[in-house]
Amino acid sequence: MPRKKKSETENVEEELLNEEVEEEPRGKELEIKAEAESNSEELEEKKKKLLEKAKKLAEKISEESVSTEELKEKVKVKKRTDMLIPLEEYVKAGIYLGTRVVTPTMKQFVYRRRADGLAIFNTDIIDEKLKEGIEYLSKFSPEEIILVCKREAGWRTAKMFSKLTGIRVFTKKYPAGLLTNTALSDFFENELTVVADSWLDKNAVRDTLNVHKNNFSQGADKIIIGNNKSPKSLGLIFYLLARGYCKARGIETEIPDLDWWTSEEEESKEFKGKTEKVNAEFGV
């Protein structure tokens, strides 16, 4: 059968309907696009504000901040002001000089090595260890401590340390068994033994370990880093220990100034006197 032609009215209605159907998705697209543009504008605005804040913060930091080198210098100055004595005095006394042989336990305290192989101790650590030593020493009364210094370089200053603090000192020779052999007439008990050299003063260390073996399993409770072969260095160590101990224990005494402790004049005079005596005996 032949198809019936649509009327003009029907054609117009159909076209309008198609246009409405097409306009509906276009409208949604426009809404989505408008919303996206709106969100984009908001994001741009937020981004702009954040950039402005970041810029202001960067300017503030640049005004207040210091360079790495300046910061290091400030830390050094702070450390030096907190030291027991000025850094220059440590250097003058040669307390920072070690030996060519560095044991594994001492490696942590070595700053570097000189061209001749001598180890250089870190002066900051030396200062910290001296502070720790003073604090620990001050926990004991003079009667509970003995100081042993067989090395001749420290005899003069060790005796002065004993005189000022009241701590018993043994120079030249330590009587073995003094702390362990009850049969000895001069036997006595102590709580703390301080030695200038763990090798030369090994008898005192051995006695102490035998008495306090439960407390000294590693050989020593505290160590002070420094040059224990130089008269100046040992004098400086004994000076700082004496000054710190007397202050902490409230001992009122007149302590000679640092120059006396690090001076070798009296030792030179003593040595010269001994030489003259020997020469006279042999008729030279």
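A salt bridge is a side-chain nitrogen of Lys or Arg within 4 Å of a carboxyl oxygen of Asp or Glu. The structure is a predicted model, in which local features need pLDDT of at least 70 and side-chain atom pairs count only at pLDDT 80 or more, while totals for chains, interfaces and linings use all residues. Residues are numbered from 1 along each chain as its sequence is written, and side-chain values use heavy atoms, with hydrogens and water left out.

**Figure 1. A network of salt bridges links Asp-127, Glu-128 and Lys-131.** The closest N and O atoms of Asp-127 and Lys-131 are 3.2 Å apart. These two residues are separated by about one helical turn because they stand four residues apart in helix α4 (residues 123-137); helices are DSSP runs of H or I with at least four residues, and strands are runs of E with at least two, numbered from the N terminus. Glu-128 also forms a salt bridge with Lys-131, at 3.8 Å between the closest N and O atoms. Asp-127 is buried at 2% relative accessibility, whereas Lys-131 is partly exposed at 25% and Glu-128 is partly exposed at 43%. Buried means under 20% relative accessible area, exposed means over 50%, and partly exposed lies in between (1.4 Å probe, protein chains only).

**Figure 2. Strands β1 and β2 form an antiparallel hairpin.** Three bridges join β1 (residues 110-113) to β2 (residues 119-121); two strands pair if DSSP finds at least two bridges between them. Arg-113 stands opposite Ala-119 in β2. Five residues lie between the strands, and Gly-117 takes a positive phi near 95° in this hairpin.

**Figure 3. Arg-114 and Asp-116 meet in a salt bridge.** The distance from N to O is 2.7 Å. Arg-114 is partly exposed, with a relative accessible area of 33%, and Asp-116 is likewise partly exposed, at 34%.

**Figure 4. Lys-150, Lys-173, Lys-202 and Arg-206 gather in a surface patch of positive charge.** Patches are made of residues with over 30% relative accessible area and no salt bridge, like charges being joined within 9 Å and nonpolar side chains (Val, Leu, Ile, Met, Phe, Trp, Tyr) within 5 Å. Lys and Arg count as positive, and the place of a charge is taken as NZ of Lys or CZ of Arg. Accessible areas come from the Shrake-Rupley method with a 1.4 Å probe. Lys-173 lies in the loop between β4 (168-171) and β5 (192-195) and is exposed, with a relative accessible area of 67%.
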